[in-house]
Amino acid sequence: MNYESLDPALAEYVPALHPALDPHLNPSLLQNVELDPEGVPLEGIPVPDSVHIMEGMYSELHTVVSEVGVPVSFSHFDLHEEMLWVGNHGGHATSFFGPALERYSSFQVHSSDDIRQIQSLENGVLFLTKNNLKYMSRGGLIIFDYLMDESEDMHSLLLTDPSTLLIGGLTNHVIEIDLNTVQETQKYTVEVPGVTIMRQSNRFFFCGHTSGKVSLRDLRTFAVEHEFDAYSGSLSDFDVHGNLLVTCGFSSRMNGLACDRFLKVYDLRMLRAITPLQVHIDPLFLKFIPTYTSRLAIISQTGQCQFCEPTGLANPADIFHVNTVGQLIMSFDVSASKQAMVFGDSEGCVHLWADSPEITFNTYSRETDFALPCIVDTLPHLDWNQDLMPLSLIPVPLTTETLLSDWPTANSAPAPRRALPVDSEILRTMKKVGFIGYAPNPRTKLRNQEKSRNRNGHYINSAQGLAGLCLLQIPYRLKELDNEFDSFSQVPESPIGREEEPHIYMVAKKYRKVTIKYSKLGLEDFDFKHYNKTLFAGLEPHIPNAYCNCMIQVLYFLEPVRCLVQNHLCQKEFCLSCELGFLFHMLDLSRGDPCQSSCFWNGAEGTQEVTALGLILADSDEATGKVNLGRLIQSWNRFILTQLHQETQEQEGPQAYRGIGSSNFGSSGDSVIGQLFSCEVENCSMCRCGKETIRVSSTLLFTLSYPESNGRKFKDAAVLEQNFLRTDLLLPVREAMQLGLMFNDKIKDYEFAQILKRSICLEQNTQAWCENCEKYQPTVQTRNIRCLPDVLVINCEVNSSKEAEFWKMQAEYAFKKMMMKKGGLELPKNREIPLGE
């Protein structure tokens, strides 16, 4: 708004809003208002009870004071929460919550300059002053502070997208700022200086100039497409809705500026003016209120408000008056829900008008965070004389700093809890077998009881206690003796006997397979909670193609992938992302009960790639067990990552996934699958003639490449098996080696990091076409990575006995190495040695 064009006679402000200083103040406005000695009201000014709000008609709902005596410069309804923001000429910002205008926060934005515009964002609020743009949280914390040149005189800002901002003022340029980097990205030259108002539609940027013109600019290049010469003096305000542009301003009359009562109306389809609208007040602000019709709210500086249609006639009966007690209207705004209007006057008062008693500022507002109440008075009282009083009743915040209760090391000494001495009756009746003693329980005390201790931790004897019978009841239930060695002994054994599974004794009981016994009620009669006491759901393994259940669970516990597929929606008939999102939704709702992946595989059967890769097993293949499941799950892993990457790349927005260091305003990039798993690799091909070709590509996973290993043979397998049994008694290594625990061939020790580096940075020799030699030549191909992904996917490529033999040799080598260290020998690193040495 151009304040220089206002009437100078109206620019003098009356004294502070206080009954003793202002005898013309209406006493009814100060009901239930408590004033401090300086005259600042501590609570809002409510409307008298006699005021009745008629449905559909705007009338005053509440009036509060932002800061007494300081004019309000801008008011803005928050677009995300039920809040109202007010900035004044002293650089102070105040927020009010809800229709009752309860004060939420109040802080200083600038020390001297007035706040000229406010724009609410998702995580904070932007404040524009003369040459400063400040982004602050709703509580008053500074997020960033962008300083401009001191010669700048900015008046307006426009948020073009969540990460781009335009700022204009009394200069010959408009600045574009990237909110992600807080840097100036563009500076557009303006032919007509003085951009004080900016609006946006789906076709143009609209810039209002102090010279009375409105320019229409291109959305991409900011070039002028058309220009309206609205007023000869200055432009006061304008608004755009649909195909209509309505302006109000001042005209030059007799060497001065006079408020023009004709609103200029322009049709944006034909880009020309239509019949102007004459109003009965001096318009200073105007806003479209498109509810049932495209009404215009026209506000004068003296507090008159008139509603009319832009293409109709103004009716004097539609004029309302804002009770400003003789003050001037300095700001005006309409909420996003069109249910409320706010006026700020020159005395610091804020007037809220509404069309109903129960209003909301936004259609869908999120919850507002309030300060937590003090919990000191609600904590329970602790009796320090009780030794068993749990100190966890008082919550302590997690911190890495030194606490006030921490004692210095010099002033403290460790006082371990001494073990209870063994009862003499147990020692008398104990029988020793080897180094283990057995004795019957003397039953001298009850279960879960021990002797009392004094404050020094010593046990009370008969002289200190009641004949040594002072027993302390332990306030928790100890485990049963049978469960001390196995907490999973409650789980019944599998009905599969050792005859069918001869190696079942080698598997721990908690990892053994449990067969579900079906009854006439099916799965509903089986108690899964007996085996799974957590809320994590499993996938049923007895259905066809259950070999990929483990990888589905891995993808489920990757939060970005889970959120991506659960928010995925498309129109395809067969979409694995939709089916996987439905399966993840079932896992969220199951609360520990197992789920089936049948729907996922039903959708996968309609995909051509699944059939071509042979990922769907026939019933005969599963029954015979001839399928190489290791190779199949690696093919499925490669397929599912590629398929999810292709399906989600078409639909997702740029804010689907952000790394830790990314901004909240959005960023451009690949799909979530690409950002999580993709690794950019550089493939280099070097011909023998010196021709080098570099190609950059991306991969979602890597495959392990194993080194060439020598075969191994034992001297005598029978002797070796017998000696392995003797090593259970921890024989010395030298004696074990003399018995035959050695290899004939040499084995090299490989670390997993070496294998992984060799597989990722792969180097191989192959025949390839050379453009320089114009024939196939032996070529050295190397692969290097530019950066590692967030999640590294590796296929182990254990498809034959050769790879399995490599891992078996490494495991046995690690075992022999440990046995040799116990015997006092050292193995040299990175050298092939025979273990017989």
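**Surface, salt bridges and helix packing**

Modeller: On the surface, Val433, Phe435, Ile436 and Tyr438 form a nonpolar patch with about 490 Å² of accessible area together. Such patches are made of residues with over 30% relative accessible area and no salt bridge, where like charges are joined within 9 Å and nonpolar side chains (Val, Leu, Ile, Met, Phe, Trp, Tyr) within 5 Å. Accessible areas come from the Shrake-Rupley method with a 1.4 Å probe, and for residues only the protein chains shown count as cover.

Modeller: The model is predicted: local features need pLDDT of at least 70 and side-chain atom pairs pLDDT 80 or more, while totals for chains, interfaces and linings use all residues. Residues are numbered from 1 along each chain as its sequence is written, and side-chain values use heavy atoms, leaving out hydrogens and water.

Colleague: Where is Tyr438 placed?

Modeller: Tyr438 is in strand 33 (residues 436–438). Strands (E, at least two residues) and helices (H or I, at least four) are DSSP runs, numbered from the N terminus.

Colleague: On to charges: how many salt bridges are there?

Modeller: The count is 15 salt bridges, each being a side-chain nitrogen of Lys or Arg within 4 Å of a carboxyl oxygen of Asp or Glu. One of them joins Asp78 and Arg138, at 3.0 Å from N to O. Asp78 lies in the loop between strand 3 (72–77) and strand 4 (83–88), and Arg138 in the loop between strand 9 (132–136) and strand 10 (142–147), so the pair ties together parts that are 60 residues apart in sequence.

Colleague: Are Asp78 and Arg138 buried or exposed?

Modeller: Both Asp78 and Arg138 are buried; buried means under 20% relative accessible area, exposed over 50%, and partly exposed in between (1.4 Å probe, protein chains only). Asp78 and Arg138 are also linked with Glu81 and Arg366 in a network of salt bridges.

Colleague: What does Arg199 pair with?

Modeller: Arg199 forms a salt bridge with Asp239, the closest N and O atoms being 3.8 Å apart. Arg199 lies in strand 15 and Asp239 in strand 19 (residues 234–241), so parts 40 residues apart in sequence are tied together. Arg199 and Asp239 are both buried.

Colleague: And the helices: at what angle do helix 2 and helix 8 pack?

Modeller: Helix 2 (residues 549–556) and helix 8 (residues 629–649) pack at about 35°, with their axes 10 Å apart. Axes are lines fitted to C-alpha atoms, for helices over the stretch in contact, and angles run from 0 to 180 degrees between N-to-C directions.

Colleague: Which residues meet there?

Modeller: Met551, Ile552 and Leu555 in helix 2 meet residues of helix 8 including Ile633, Trp636 and Leu644, contact meaning heavy atoms within 4.5 Å.
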